[in-house]
Amino acid sequence: MTNLKARSRPDEQLMMGSLPERTLNQLASVQLRQCFSDGEVVHQRGESGDGLSIILSGAVKMGNYGRDGRYFLSKLLFPGESFGEFVVFANLPRTHTAEAVGETELGYISSEKLNKVLLQSPTIAYDLLVSLSTRLHQSLEAIDDLKRLPLAARLAKLLLIMANETNNTSYVAVSQEQIAAQLGVSRISVSKSLKQLTKLGFIKPGYHTVHILDAKNLAKWLEQQSQTLSLS
């Protein structure tokens, strides 16, 4: 299970997939700042690109629409996290449509500028590699969870991870619609699972917010739901 302890040192940012402060500072001088309003599309699935984007403020949701118009959220990205590595390093098309959540500012770095920086500073290349590896690890865990864990456990894990990513273990600012999209289930199913966790005394749902009342015991309960050993 993902380590759910609060971050205690700067390098722990990498363990959640975001870039450390030292790298963000080094990249600040070569990035072009871009502003997006809530719901504005940053890029579409299938588009080609030529650069890396770093979230400076706000958030970006990564997801795709099915043929029936239903939206499937894959990931919410927060300040310090990046996207576009597939485009820069493997010349692959965009796998998801990216949309701003709230007023969002991005730092865009062209492939040409990024390659020059990486040659001059191997530390940045290392940090990007760790960030990518962490997100790949999270994706593989999510696939395993989908096959193995009941919905309430998957929901609990998502809430704990989101709380840790935002460095706030007391609540998560997320709507039931966003949770449903990220877990790939209906809002009704999410509502039932939220009620289950509420009855257990772990959480208290609010308007576009889920308050985590007992993160420690919620994490213990989640580990008990798993049939395999924890990875933390």
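**Close-ups of the salt bridges and the domain interface**

View 1. Glu 112 and Lys 116 both belong to helix α4 (residues 111–120), where they sit four residues apart, about one turn of the helix. Their side chains meet in a salt bridge, with N to O at 3.8 Å. Since this is a predicted model, take that distance as a computed one. Glu 112 is exposed, with a relative accessible area of 55%.

**View 2. Asp 127 paired with Arg 22.** Here the closest N and O atoms of the salt bridge are 3.0 Å apart. Asp 127 comes from helix α5 and Arg 22 from helix α2 (residues 21–27), so the pair ties together parts of the chain that lie 105 residues apart in sequence. How exposed is each partner? Asp 127 is buried, at a relative accessible area of 0%, while Arg 22 is partly exposed, at 35%.

View 3. Glu 141 sits in helix α5 and Lys 157 in helix α6 (residues 151–165), so to speak a link between distant parts of the chain, 16 residues apart. Both Glu 141 and Lys 157 are buried. Follow the shared partners and you get one network of salt bridges that takes in Glu 141, Asp 144, Asp 145, Arg 148 and Lys 157.

**View 4. Where the two domains meet.** The protein splits into domain 1 (21–146) and domain 2 (149–225), and their C-alpha centres lie 25 Å apart. At the interface, 14 residues of domain 1 are in contact with 12 residues of domain 2. Together the domains bury about 1100 Å², with 49% of that on carbon and sulfur atoms. On the domain 1 side, look for Leu 73, Phe 78 and Asp 145: they lose the most area to domain 2, together 45% of what that side buries.

**View 5. The domain 1 face, up close.** Two salt bridges cross the interface between domain 1 and domain 2, and four residue pairs are in polar contact there. Which elements give two or more residues to the side of domain 1 that touches domain 2? They are β4 (71–77) and α5 (122–148), with β4 supplying the largest share, six residues. By type, that side of domain 1 has seven nonpolar residues, two polar and five charged.

Key:
Residues numbered from 1 in each chain as written. Predicted model: local features only at pLDDT ≥ 70, side-chain atom pairs only at ≥ 80, totals over all residues. Heavy atoms only, no water. Domains from an automatic or database assignment. Contact = heavy atoms within 4.5 Å. Buried area = accessible area lost by both parts, 1.4 Å probe. Salt bridge = Lys/Arg side-chain N within 4 Å of Asp/Glu carboxyl O. Polar contact = N/O pair within 3.5 Å; in protein donor to acceptor, adjacent residues only side chain to side chain. Nonpolar A, V, L, I, M, F, W, Y, C, P; charged D, E, K, R; others polar. Buried < 20%, exposed > 50% of the residue type's maximum accessible area, 1.4 Å probe, protein only.
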